[in-house]
Amino acid sequence: METIKSPADLEKSKAAILARMHGKEKTRIRVHMGTSGLASGAKEILEFLTLELQKRSIDADIIRAGDLGYCFAEPTIEVKRVGEDPLVFGNVDKQKADEIIEKYIKNGEYVDGILPVNYRTI
Amino acid sequence: MQLLVCGGTGCNDLQSEAILDNLRLELEANALENDIQVIKTGCFGLCKLGPIVKVMPDEIIYTKVNPDDAREIVTEHIMKGRKVERLLFTDPITKKTISKAGEMNVYKKQLRIVLRNCGVIDPENIEEAIAHDAYKALGKVLTEMSPEGAIKIIKDSGLRGRGGGGFSTGLKWEIAFKNKSDEKYVVCNADEGDPGAFMDRSVLEGDPHSVLEAMAICGYCIEAGKGLIYIRAEYPLAVARLKTAIKQAREYGLLGNNIMGTGFNFDIEIRYGAGAFVCGEETALIHSMEGLRGEPTVKPPFPAESGYRGKPTNVNNVETFACISPIILKGAEWFSSIGTQKSKGTKVFALAGKINNVGLIEVPMGTTLREVIFEIGGGIQYGKKFKAAQTGGPSGGCLTEKHLDLPLDFDNLIAAGSMMGSGGLIVMDEDDCMVSVAKYFLDFTVEESCGKCAPCRIGNKRLHELLEHITKGKGTMADLDRLRNMSLVIKDTSLCGLGQSSPNPVLSTLDNFHDEYVAHVTTKKCPAGKCRDLMEYFIISANCVGCTACARVCPVNAITGERKEPHLINPSICIKCGACMEKCKFDAIIIQ
């Protein structure tokens, strides 16, 4: 990749990255994999989602992120369906992950365990 | 269409379960159960307004909902599409009703500045960070500002060190800038050692570039070319992600030589700590990085004059660095508009102990302890009574019920006999014995004292022995005076921050829970029932049916009695293992 040689370069590469991210609108899943997420089994959930989405022919991006701070509800995952606000689900085990795929990712049907955004950000 | 009902503990206490049931019943009554989903969610962060019901996709939020309101929500909103005006939130100032979820945000207690990207970006992909404006502040500083100009912004913002001391960050940078030298260093203190604190770890794991960028900005401001991150080796994931982040930043030309074509050179290396608590103290940290023993030295000279390799060095904590880029991008005025008069911005707290929502939160300075524990934290586990909250870890003190409405900031906490520390907040309930809590923290400091100065090495050990004595029922009233006197001497005469603050848990529990100490030494009883040596297991004969289960499980045969007759425990034989109490099905065994 090319190195960034000026603040203008940085802006350009930000625009390019954003264009690439939004160019292929599809469902985006974030698995929160900080220490507390991993300790509660986030890795198995990541593997399960990767495998199952492929098996069920669902085209989605899976991103590994850090923890959200919801240690009491780990593992947590965030799902953003195209054109919708992201939703965070807590206490996700394989069964829950399966339910999320079948109901929410496929049909947009909500499932129990949603963690509403309880903070503002900048 | 979906109905989201808050199932957070705060709302649950206010019958959110009944609301869920009633909503489902009403939907069934109108044959809508297949079209409308009713979902139980986690906490909305609006506990004062709970219970909350949110209607999706309309994004309408109803507050203070009663189980009886279910009918109106279903018949009016769902069936006729008319908002139930009476359940909407009325802004106390403008008197306007607010219904849209987005507009309710202002009422949320948490504000994320430090944690802005944690859990949002992929920490191992610099592109995601750049998409969220990483390194933009660095570009701005390098091309548009002089070091003095940037330092002035940090100074004006009122940012104070988040590692514990609360010293002005801008001032610290200014001192390091003014000390001229051909070689200077920027050090990031990631030696997070307080029991129960993990905010630095989460920042490094979730958003490492925010720290790297801020270190480079600091390097430009104080004219240093090298940054060092001192991180404990117990944080393997944070270390791995930092390494990846540094490598990617170098590849993109955001670290290294001639950053963004400005001629500014800055690079960062990682140094590992072996997990010694004292190495969080900046002089000890620097010695440890130099390969020497991790022991503190007397200040002055401060690291800003003579630090790493005897050169001017600026040491800041992870959370402090994570505040820098937003301040540069949004301005000093924006940052100083958040918080209290003398403590600006936000603070991340790690909630731990007997609280429902264990985890990381970030609130503006000045948020009260009550809001933190009972709204954001969801209250005390199992509905028990709040007793105390320890802030500042082993160097801090405890806050009690009378401090619940205290706005949390640097100065208020010190006035209350505690300190901000790095932001660990351990919550204790009615079952916790405060003498044992003080002993626990002393246990930690005795273990972690480096042993260089006598007051800390010997004094803390003696303090611990005295507390041990008291929890064994061997203490006297004179011991309480001795505890206090010795604590004050240790504070006055210790070399570094560790010893100067280690007696704080003792002093603060002595002040706030004096009765509990007195009970331990006079009546030899532990009011919380935690100190094993002061407990006595006792069988209530009225409840005992003589099933003999306790006698059979007792490992020392301390329980006697005939079948179908009330049993007795012989306290002189009993070893207080608690096996009998666990076994008893009739609640006949109690602790006295």
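In the predicted model, 47 residues of chain A contact 58 residues of chain B. The two chains bury about 4300 Å² between them. Carbon and sulfur atoms account for 57% of that area. On the chain A side, the greatest losses of area to chain B fall on A:Tyr110, A:Arg120 and A:Ile122. Together these three residues make up 19% of what that side buries.

Polar interactions also cross the interface. The count is 22 residue pairs in polar contact between chain A and chain B, with both residues at pLDDT 80 or more. Several elements of chain A each supply at least two residues to the side that touches chain B. The helices are H1 (7-23) and H2 (35-39). The strands are E1 (27-32), E2 (60-65), E5 (114-115) and E6 (119-121). H1(A) gives the most, with nine residues. By class, the chain A side has 23 nonpolar, 13 polar and 11 charged residues.

Two salt bridges are found across the interface. A salt bridge joins the side chains of A:Lys14 and B:Asp133, at 2.6 Å from N to O.

Strand pairing also links the chains. E6(A) pairs with strand E7 of chain B, residues 110-112. The pairing is parallel and runs over three bridges. Within E7(B), B:Leu111 is the bridge partner of A:Arg120. A:Arg120 is also one of the three chain A residues that lose the most area to chain B.

Conventions. Residues are numbered from 1 along each chain as its sequence is written. Chains are lettered from A and ligands numbered from 1 in the order in which they are written. This is a predicted model: local features need pLDDT of at least 70, side-chain atom pairs count only at pLDDT 80 or more; totals for chains, interfaces and linings use all residues. Side-chain values use heavy atoms; hydrogens and water are left out. Contact means heavy atoms within 4.5 Å. Buried area is the accessible area (1.4 Å probe) that two parts lose on being put together, summed over both. A salt bridge is a side-chain nitrogen of Lys or Arg within 4 Å of a carboxyl oxygen of Asp or Glu. A polar contact is a pair of N or O atoms within 3.5 Å; within protein, one must be able to donate a hydrogen and the other to accept it, and residues adjacent in sequence count only if both atoms are side-chain atoms. Helices (H or I, at least four residues) and strands (E, at least two) are DSSP runs, numbered from the N terminus. Ala, Val, Leu, Ile, Met, Phe, Trp, Tyr, Cys and Pro count as nonpolar, Asp, Glu, Lys and Arg as charged, and the others, Gly among them, as polar. Two strands pair if DSSP finds at least two bridges between them.
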